[in-house]
Amino acid sequence: MNDPNRENIQEKATPRRLFLQALAAVGSGAALATGGMELLDGTSAQAAEIPPPLTEPVGNLLVRMQRELEQSLSTGRPQWLMVVDTRKCIGCDACTIACKAENPTGPGVGFRRVIKRELPVGPRPWVIFKPINCLQCDDAPCAKAVPQGMIRKRPDGIVEFDSDRLRGAYAQAAMRACPLNQIHVDDGKTYTYDTPQPQEYEERLFFENGKWQTRKPRASQLPDSARKCNFCSHLVEAGALPACVSTCIGGVMYFGDANLRGSLVNEVTQGRRIFKHHNDMGLKPRVIYFEESMPDTPHLDCNACHY
Amino acid sequence: MSNEADRDSALLQPNEPPEIQAEIPNRREFLASGALLGGTCLAALAPTVSSGQTTTAGNFEIRASDFIYTTCLQCNTGCEIKVRVQNGVAVKIDGNPYGPRSMDPHINWNTPAAQAAKINGMICPKGQSGIQSNYDPYRVVKVLKRAGKRGEGKWITIPFDRAIDEIVNGGVLFPQDGDSRVTGLRELYALRDPRVYSAMAADVAAIQARRMTVAEFKEKHRENLDKLIDPDHPDFGPKNNQFVFNWGRLKGGRSDFFLRFVRDSFGSVNAHGHTTVCQGSIYFAGKSMADQPVGGGWTGGAKAYWMADTAHAEFIIYWGANVLEGNYGPPLKVPKIMRGLASKRLKVAVIDPRYSKIAAKAWRWFPIKPGEDAAFALGMVRWIIENERYDHRYLENCNRAAAVADGEPTWSNGAWLVKIRPDGTGGAFLRASEIGLGGDADTFVCLSGGRPVAFKSDDATNPVHGDLFVDTTVNGIRVKSALQLLFEESAKKSIAEWAAIAGLAASDIITLAREFTSHGKRAVVEIHRGVSQHTNGFYNVLATMGALNLLIGNVDWKGGLVYGGGAYGETGGTGRPFQLGDHPAKITPFGIDIIRGGASYERSTIFSGYPAKRPWYPLASDVYQEVIPSAGDAYPYPIKVLFLYMGSPVYALPAGHSLIPTLMDTKKIPLFVCSDIVIGETTQYADYIFPDLTFLERWEFHRTHPSIVHRVSPVRQPVVASPNETVRVFNEEMPLSMEAVFLAIAERLQMPGFGPRGFGASGDLTRPEDFYLRMVANVAHGDSSTTADVCPDASEEEMQIFREARKHLPKTVFDEERWSAVVGPNWWKKVVYVLNRGGRWWSYEQGWTGEKVRAQFGRLVNLYQEKAATTRNSMTGEFLPGIATYLPQTDSLGRPLQHGDAPFTLITNRNMLACKTRTISNYWLLDVLPENFVEVSTVDARRLGLEDGDLVSLTSASNPAGRWDLGYGNFKPLIGRVRVTSRIRPGVVTFELGWGHWAYGASAQMIDGKLIPPDPRRATGIHANSAMTVDPYTRSPLSDVVGGSAVFYDTKVYLQKVGRASG
């Protein structure tokens, strides 16, 4: 409950000032009862600048991405890229849970979370859902905050921790350096050790940062270590897509090799306006977002996180 | 805020578990006590040979043998899943890439298993968390028998065989209740001869048809009268009917197995599901719409309904349907919706008092007043008809031949002539014979160019087209066309008046009606609970799913309204290798069932004028909210034994608290036996709890639902070993399960249909696999009655993958020799082929043929319901309407509901993170949403001075104390935390179903004298069902007496701030 990221895992209540103003403008609370309010299509100055949506890719994209992944592993020098289309996100948290199952974490901790925000932009509620995880920055603030070698930029672009060394004060420093709060220090807590019967799935082995780990109390090396998303590198190297990507029922994420000609990530970003987190900080993230909106969804801007 | 309020809020923290006073031992002491909950057998479970990663050497690898493909049951969507097993432990659930529900589009079914291993499909957060439903620290693994009074929370563990002996033989089983003797199953297994059943059933039918008197019956059957519940009321049937089997979530395979026991073998008519708590009035309106005319009556309609072909629709109205979170199908539908929206193929409108997640993606949101759906729909009907925006060509087709000529798979009875009663209401259809045009009882009449024409509905050679709007007299008989009746219903009010009732604007109706009629056949009204769970649910459904879709004639069209592709013939049929219905002495039970489903009050021997003591449901069945209250009223007769399987009516039903006194009363329910994986909100009142297998440990055939256009037979199969104790039945060892219970009872009673030669000459039925593997072989056989569709044998590689993936399973669960012997060598490798994919289904492309879906309804769809129109309401004595109509919300006697001056309509909503009763054990999900909220609109919150996080209590006219009364002085207050939002219509409040538990690990239980401490994480939030209206006449949950729906959304409540959140 005290995890600094926790507040964003929770659905936040929206500041209601603008909404109330909007409501006042159309009369009273009963105004809602006139119902069926059309979205403010094109009434936002920002929306007008967004180019019309490009074609939605067709076919079985999960299969295509998995094939491309194997191709990149065997033939190329992959540069992994995650492209997020928040328009299709429904805030279901399938990715959040898939991440927890694939990369065991304790209560209140997750390497992926989904921001859900009610935006006060018009007489009708407007809600945005936005998945967020470690951006695998090329210019990673966390790496600069700790001694060299503890945080490594892999050739494929993934930012990897040396979890044996990135502990204690170093882990805390890395955590504080991340502008997106995407680094967690494992507190060793489990879900079932305070219940009538601890459960074996919490003790299982998993492969993280290049080695086998467990969160089994007392046997685990992880408590006090920094941890975060690494694009499920164990799955990727074994030929499967990251857990969040494949489980996503909205098809929100595209994952693949920016170096691979004709790859899906290249195809879908072609000609798109791209949103990057903290662009002003020059993070050079490997997780990028579509900026555009669908006719009936808000387009992505900083309000999604910083309203 | 006053200090007193502060103190109250501290006392009433919703986080607190219910007030069960007990001392909690420390954990060490508890564990040392070796209680019986899940996982205590873990050591015994440790596999001697492990599959999956067994070593910390090397890198992570993905091998085909790491996975077992099965079917989710975290909700009733039943998605195909792929479970990764590591050292015998299920560690990760992914979507099955072969599965139509979990991949879009799904990969070719013939893809070798080795190739599929690295491809993962999609699955929702609940599906991902199935691991935690399985590995639940509060699982029951041995038989529990109550040691105190019902619901007192005191248990002892007893051996399985002793428990079976006790429920079979009865006796003084509970000395703490005094010396009252419990009737056992042996005594209720009174009538056993199938021939006597048939003879008595025929004569009961004769009594109902007034062709035989009760006295004549008694004389004729005098030798068997002692086997009846009441010889003066032969229509109650035999004593066997006093054994009642009631279930919550039961799917194919298991349902076939269990009903083989209850109906075919034990001979009880009382096997009742839970349909009406979900969406009964949709099912039974759908059944009525699907009925076909036979012999002057209507029959053949399945308990089913229609949904959208999501993959191709251009416009879908999601009406009371929270499609992105529930409604049969996030993993199935969300990809199709989101890709449709992103590509602009699809546009959606949402009608819902609450701004659901689909509203966040919608073109328009119409925040309708709860329960006024028919008003809005009839406004649309009026506009569509007056502006001639309906499909004239479709509606004029009166029979198959006319439809076929137009390339229409279906037709309606919109142009058929209905006889009008003196009071102006519609009655029966006019038969041709009544006006001298000949024909039989199924020959109907339309006007064609003003002249009466006779026709038969299914006639494929003589096309008949009818005039659409007819109001005339034929041979002195006053008639109107069904469409005319619909139009007149819609014209009872102006569009503005309809809109006012619905709390919306006339322009809303017009805008939506125009858009809906602007996409040809590729527009759909898709509905769900929001429409049906009202006292007027049946007619809301007819107005929305029925009338609106039929006006545009979209049935069976690509992008239109679809009925689903169904499942393969799992239980047998022509050409299939195994007939699961084979039975050496199959009984067809008879008698009125205790919920009076499908039964006529007027024809019964207990007709005594109106109102009946409790409602009769001639058009519905599986009326969940009637089972326990009817036992409580002993109406129509008392019951002796109630078995409850995977259900929690106390928690799930609206006003479920009204069931508790009956459950606690050992006179009304003398023996209450439950199957559960934990001690739940309802099973805590049991006399015995038999632990069951979880969905990851058992067999089941989940089948399908309307929105899957493909033929699908997903298989649920054992993935991991069960912690349940191993029992021996028919000399076979197996983990304790519901099947084991039925097999053991059958063994004691020497009941035909189970045991050696249980299938007669076709073989033995001594363990679950004898049943389920035969079903898998039938799936392997495929669609065709010939061998054309038989699936291939598993290759040697796939056989190895299959064995390797099951190395962690003990022989009591997986025994290749035993399994292959069940189906024989010709089928074994085909069975493996199916199991390696988690089931069988059509390829993606096979779902459609040209502009239609491949699996078509292909018959008459009723716009007018003759059966309803000629059936009387058992409470008022009036005929039911035959056409979509607007009805206000009423109690069972048809009186307006009394809410006092309560200002807020209470509704509920599904959050994808919870499945009502059974996901509170999923800590991962609780991590995302630790507790639910009472959602209050911004406008109302401002008026009441409520802020986010404030605590409010909910009270209502029928629950002024605002609490659950759990018995023995234990209460759970209806207090929840407020979330203020603009995403709900002012005047409406909602809460997410699934939180606010007081059992299922949320309360302390005493087992064998040891206290099992509760987990406070499971008690958070609010479950406000007990604020919902108790019907003043039946003293049980409010009900739609036509369609059977349990009513969730017609209660008004008071909100009172009781404290501020402590943060």
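This is a predicted model: local features need pLDDT of at least 70, side-chain atom pairs count only at pLDDT 80 or more; totals for chains, interfaces and linings use all residues.
## Contact between the chains

The contact between the two chains draws 80 residues from chain B and 65 residues from chain A. On the side of chain B that touches chain A, two or more residues come from each of several elements, among them strand 3 (89-95), helix 14 (330-342), helix 20 (506-516), helix 33 (938-944) and strand 39 (975-981) of chain B. Helix 14 of chain B gives the most to this side, with eight residues. By class, the side of chain B that touches chain A is made up of 48 nonpolar, 17 polar and 15 charged residues.

## The nine-stranded sheet

Chain B holds an open sheet of nine strands in the order 7-6-23-24-25-4-5-41-42, and the pairing is mixed. Strand 7 (271-272) and strand 42 (1010-1012) of chain B have a single partner strand each and stand at the edges, so one side of each lacks a neighbour in the sheet.

| Strands of chain B | Sense | Bridges | Residue pair |
|---|---|---|---|
| strand 6 and strand 7 | parallel | two | Phe245(B) and Ala271(B) |
| strand 6 and strand 23 | parallel | five | Asn246(B) and Leu644(B) |
| strand 23 and strand 24 | parallel | five | Leu644(B) and Cys674(B) |
| strand 24 and strand 25 | parallel | four | Cys674(B) and Ile689(B) |
| strand 4 and strand 25 | antiparallel | two | Lys145(B) and Tyr688(B) |

The residue pairs can be followed from strand to strand. Asn246(B) has Leu644(B) of strand 23 as its bridge partner, and Leu644(B) in turn has Cys674(B) of strand 24. Cys674(B) then stands opposite Ile689(B) in strand 25 of chain B. The antiparallel pairing of strand 4 (residues 143-146) with strand 25 of chain B includes Lys145(B), whose bridge partner is Tyr688(B).

Burial can be described for two of these strands. In strand 23 (residues 641-645) of chain B, five of the five residues are buried, so this strand is largely enclosed by the rest of the structure. Val641(B), Phe643(B) and Tyr645(B) lie on one side of strand 23 of chain B, and Leu642(B) and Leu644(B) on the other, so that both faces are covered. In strand 25 (residues 688-691) of chain B, Tyr688(B) and Phe690(B) point one way, Ile689(B) and Pro691(B) point the other way, and all are buried.

## Two helix pairs

Two packed helices are described by the angle between their axes and the distance between the axes.

Helix 13 (residues 280-290) and helix 22 (residues 537-552) of chain B have axes that come within 9 Å and cross at roughly 60°. The crossing is right-handed. From helix 13 of chain B, Ser281(B), Ile282(B), Phe284(B), Ala285(B) and Met289(B) take part, and they meet Gly537(B), Phe538(B), Val541(B), Leu542(B), Met545(B) and Gly546(B) of helix 22 of chain B. This contact has eight nonpolar, three polar and no charged residues.

For helix 15 (residues 373-386) and helix 20 of chain B, the axes likewise come within 9 Å and cross at roughly 60°. Helix 15 and helix 20 of chain B are therefore oblique to each other, and helix 15 passes helix 20 in a right-handed crossing. Phe376(B), Gly379(B), Met380(B), Trp383(B) and Ile384(B) of helix 15 make the contact with Ile509(B), Ile510(B), Leu512(B) and Ala513(B) of helix 20 of chain B. By class, the residues are eight nonpolar, one polar and no charged. Helix 20 of chain B is also one of the elements that give two or more residues to the side that touches chain A.

## A buried helix and a buried loop residue

Helix 18 (residues 482-490) of chain B has eight of its nine residues buried, so it is largely enclosed by the rest of the structure. The buried residues include Gln484(B), Glu489(B) and Ser490(B), along with Leu483(B), Leu485(B), Leu486(B) and Phe487(B).

Gly78(B) sits in the loop between strand 1 (67-71) and strand 2 (80-86) of chain B. Gly78(B) counts as buried because it has 30 C-beta neighbours inside 10 Å, where the cut-off is 20 or more. Setting aside neighbours within four places in sequence, the contacts of Gly78(B) include Thr71(B), Cys72(B), Arg101(B), Lys251(B), His702(B) and Pro714(B). Ser102(B) is 24 residues from Gly78(B) along the chain, and their C-alpha atoms are separated by 9.6 Å.

Terms used
Residues are numbered from 1 along each chain as its sequence is written. Chains are lettered from A and ligands numbered from 1 in the order in which they are written. Two residues are in contact if their C-beta atoms, placed from the backbone, lie within 7 Å. Ala, Val, Leu, Ile, Met, Phe, Trp, Tyr, Cys and Pro count as nonpolar, Asp, Glu, Lys and Arg as charged, and the others, Gly among them, as polar. Axes are lines fitted to C-alpha atoms, for helices over the stretch in contact, and angles run from 0 to 180 degrees between N-to-C directions. A crossing is left-handed if the near helix is turned anticlockwise from the far one by less than a right angle, and right-handed if clockwise. A residue is buried if 20 or more other C-beta atoms lie within 10 Å of its own, exposed if 12 or fewer, and partly exposed in between; C-beta atoms are placed from the backbone. Two strands pair if DSSP finds at least two bridges between them. Angles under 35 degrees count as roughly parallel, over 145 as roughly antiparallel, 65 to 115 as roughly perpendicular and the rest as oblique.
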